[in-house]
Amino acid sequence: MNGTKHTHLRKGYKACNPITFLLAAVCLVGGLNADTPVDAAEIGIRGTALWGPVKPGPSRLGQSDEAPLSATFIVLVDERQVAQFKSDKKGNFEVLLPAGDYTIIPDKSTPIPAPQSQRKIVTVSEDGFAVVTFRFDTGMK
């Protein structure tokens, strides 16, 4: 009898999926904040991370001495971590961030000298993505 009753309830009652309910609640609360100028999914930082020199000795005219850097990066605001992201094998990355000023540093595991001191400053405007190329020093001479 329990099986029949359960089946009957299933047919006659549409339970709300918890994920659907959560999404609806987030949208409702987000819609109450009318001061948000641009959808946060449309702005942030996009770019490429490079490191060099990657070959010992003097650089040769017309030949790049940089390579893509695949690494984890920390995003800081006033020395407080607010996000992190990773560049891919080609050095490309994209991170969604609200408009503001950010300091980007390589994670301490990045195989470059003093990664925490190789800081990059980026300003994200409300107009869209800040497009950047980060160049990091390998210390190779």
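**Notebook: rings, core and strands**

I began with a charge over a ring: R46 lies over the face of F129, 3.8 Å from the ring centre. I count a charge as over a ring if NZ of Lys or CZ of Arg is within 6 Å of the ring centre and within 35 degrees of the ring normal. I also found K120 over the face of F136, at 4.9 Å from the ring centre.

Notes on the model. This is a predicted model, in which local features need pLDDT of at least 70 and side-chain atom pairs count only at pLDDT 80 or more, while totals for chains, interfaces and linings use all residues. Residues are numbered from 1 along each chain as its sequence is written, and side-chain values use heavy atoms, with hydrogens and water left out.

Next I looked up the secondary structure. The protein chain has two helices and eight strands, in the order α-α-β-β-β-β-β-β-β-β along the sequence. Helices (H or I, at least four residues) and strands (E, at least two) are DSSP runs, numbered from the N terminus.

Then I checked burial. Of the 141 residues of the protein chain, 27% count as buried. Buried means under 20% relative accessible area, exposed over 50%, and partly exposed in between, with a 1.4 Å probe and protein chains only.

I turned to the aromatic rings and got six aromatic pairs. Rings of Phe, Tyr and Trp (its six-membered ring) pair if their centres lie within 6.5 Å; planes under 30 degrees apart count as stacked, over 60 as edge-to-face and the rest as tilted. F93 and F134 make a stacked pair, with 5.4 Å centre to centre and 10 degrees between the planes. F93 lies in strand 5 (residues 92-96) and F134 in strand 8 (residues 129-137), so this pair ties together parts that are 41 residues apart in sequence. F93 is buried, at 5% relative accessible area, and F134 is buried too, at 4%. I noted that F73, F85, F93, F134 and F136 form one aromatic cluster.

Last, the core. Which residues have the most contacts inside the largest nonpolar core? They are I45, F73 and I104, in a core of 21 residues. A nonpolar core is a set of buried Ala, Val, Leu, Ile, Met, Phe, Trp, Tyr and Cys residues joined through side-chain atoms within 4.5 Å. Strand 8 gives the most to this core, with four residues. I listed the contacts (heavy atoms within 4.5 Å) of I104, leaving aside neighbours within four places in sequence; among them are I45, F73, F85, K120 and F134.
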